[in-house]
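Hi,

Here is the structure I promised to pass on. Have a look at it first, and then read my notes below.

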Amino acid sequence: MDMQSTKAENLDLFVNAQLQFKRALTWIDDLKAGIVDYLINPNRTIHVRFPIHMDDESIQTFHGFRVLHNRVRGPGKGGIRYHPDVTEAEVSALAAFMTWKTAVVDLPFGGGKGGIVCNPKELSRGELRRITRRFVTELGDAIGPYTDIPAPDVYTDQQTMAWIYDTFDMMHPGENNLAVVTGKPLDIGGSVGRNEATAKGSLFATQQLLKRGVVAGLPAVQDARVAIQGFGNAGGTAARLFYEDGARIVAVSDSQGGIGLDSGIDPNKVLAHKKKHGSVVGFPGCTDISNEELLAYDCDILIPAALECQIRADNANNVKARLIVEAANGPLTMAADENLQSKNILVLPDIVANSGGVVVSYFEWVQNLENQQWDLEKVEKLLKKRMTRAVDETVDRWTALDEKYRSGFNGSHSGPNLRDAALVTAIKRIATVVLQRDIWP
Ligand code: NAD
């Protein structure tokens with residue numbers, strides 16, 4: 001490992017998000033001066049600290065956040081994460097990604113994100129329920145169907161969303177409150193297809209990207225060798241869907257470690273193993289590997305689908321994939337981005353690659369407001385249309401930026417990448433609305 005580059009690199013996710021944003025800005029020559037500071041920083045950050053009675057009758061104080069990054073295009077939208085490493089900087093960065101993501105897939109939403117510093121693996125269901133309900137009560141009207149709408153993220157699920165809805169509904173009796181949160185169970189206003197939406201969106205996006213012929217020698221998902229980090233909602237489902245589309249899943253991992261098998265793994269069997277043993281590790285017939293080895297696995301497509309800052313200055317050189325599909329938010333640092341670009345390894349950025357989740361969350365919100373229930377065929381058709389369009393617009397913008405660069409446009413770096421292209425689209429859309437609404441008062 002290159003210790004020097006690790007030392008030099010800043011792994012603060014918000015710093016990396018700002019670097020991405022500033023890099024994209026170098027491709028925009030008509031942004032109104034003065035607007036940048038507003039677009040880059042969160043509009044509002046709420047900190048809450050609250051006590052909870054634990055099962056053993058002790059009292060523990062928890063710290064939670066809700067960041068509303070921007071809502072100029074519509075209410076804030078973004079998940080709630082339960083993890084011991086949650087920080088204000090992380091939640092702020094994730095909220096910024098949501099603003100850019102909703103803009104790039106053209107949803108009438110802004111960006112938000114929340115988190116509670118806790119370790120769900122050490123908490124009982126009752127403790128999690130009390131933490132969730134108290135958090136929602138503390139947030140009060142900072143969340144709501146037309147203000148800021150939470151969803152699931154790392155270590156929160158349908159049950160968490162059901163508690164959020166129920167608590168908010170208790171606080172606002174007599175109203176249709178379903179649209180306050182998405183990712184709910186089907187029986188309480190959830191949408192069919194929401195559970196699989198993030199991974200399905202990643203698959204649709206990858207299919208379209210490869211169809212555009214941008215990865216030499218890799219025309220389709222079929223027969224591609226795929227390695228996936230993270231085996232939860234995003235990663236585990238992606239493993240299954242890519243497998244069903246004909247890909248060979250050669251390695252997968254979770255927080256305990258990973259497994260590899262060059263001839264291919266059946267993700268359905270790995271899922272059953274994980275359910276029984278708590279991890280993918282130890283799945284019969286495979287070699288146990290570390291998460292570092294997974295990222296360096298010999299494959300065509302690498303899908304980081306766990307946490308942020310996984311591919312950095314110190315390990316980007318080890319990546320052997322030809323394409324990285326960011327199912328997780330912020331899995332690559334800025335230094336990794338630049339390293340991979342210099343080696344012509346393409347990165348489909350998170351704000352496109354994992355936007356399927358928020359797209360179907362939007363469908364859920366629309367259904368809730370209209371008291372409708374769509375069928376799976378409709379959800380998938382509309383999801384595919386949006387993902388395909390987002391990829392096409394990103395590739396088209398990338399090509400246009402590249403032409404600009406080749407004709408001598410003064411980009412301060414080595415040509416555009418797909419992240420620059422997606423961010424330029426997002427920033428332009430947001431800035432247009434800021435100026436069209438005009439600045440109040
Ligand atoms: P999840 O809780 O369902 O799964 C997380 C997975 O990551 C688990 O398998 C866990 O074991 C694994 N993991 C945790 N730490 C790890 C480590 N250090 N190394 C390897 N694996 C590790 O969470 P999720 O919803 O699948 O979210 C994963 C990523 O996808 C996050 O970045 C999240 O923001 C992003 N994302 C999720 C959604 C969604 O709809 N769920 C939407 C967009 C983006």
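Before the helix pairs, one definition: an axis here is a line fitted to C-alpha atoms, for a helix over the stretch in contact, and angles run from 0 to 180 degrees between N-to-C directions. Please also keep in mind that this is a predicted model.

Let's start with helix α15, residues 418-437, and its packing against helix α14, residues 376-406. Their axes are 8 Å apart and the angle is about 105°. Angles of 65 to 115 degrees count as roughly perpendicular, so α14 and α15 are roughly perpendicular to each other. From α14, the contact is made by Glu 393, Thr 394, Val 395, Arg 397, Trp 398 and Leu 401. The α15 side brings Leu 418, Asp 420, Ala 421, Ala 422, Val 424, Thr 425, Lys 428 and Arg 429. Sorted by class, that contact has 7 nonpolar, 2 polar and 5 charged residues.

Helix α4 (residues 88-104) also packs on α15: the two axes come within 8 Å and cross at roughly 85°. That makes α4 roughly perpendicular to α15. Here Thr 99, Trp 100, Ala 103 and Val 104 of α4 meet Ala 422, Leu 423, Thr 425, Ala 426, Arg 429 and Ile 430 of α15. This contact divides into 7 nonpolar, 2 polar and 1 charged residues.

While you are at that end of the chain, look at the segment after α15, where Pro 441 lies. The peptide bond from Trp 440 to Pro 441 is cis, with omega near 10°.

- Thr 198: an N or O atom in its side chain is 2.7 Å from an oxygen atom of the ligand.
- Gly 232: a backbone N or O atom lies 3.2 Å from a ligand oxygen atom.
- Asp 254: a backbone N or O atom lies 3.5 Å from a nitrogen atom of the ligand.

On its own the ligand has 830 Å² of accessible area, and the protein covers 89% of that.

Cheers

Methods. Residues numbered from 1 in each chain as written. Predicted model: local features only at pLDDT ≥ 70, side-chain atom pairs only at ≥ 80, totals over all residues. Heavy atoms only, no water. Helix = DSSP H or I, 4+ residues; strand = E, 2+ residues; numbered from the N terminus. Parallel < 35°, antiparallel > 145°, perpendicular 65-115°, else oblique. Contact = heavy atoms within 4.5 Å. Nonpolar A, V, L, I, M, F, W, Y, C, P; charged D, E, K, R; others polar. Polar contact = N/O pair within 3.5 Å; in protein donor to acceptor, adjacent residues only side chain to side chain. Areas by Shrake-Rupley, 256 points an atom, 1.4 Å probe, with all protein chains shown as cover.
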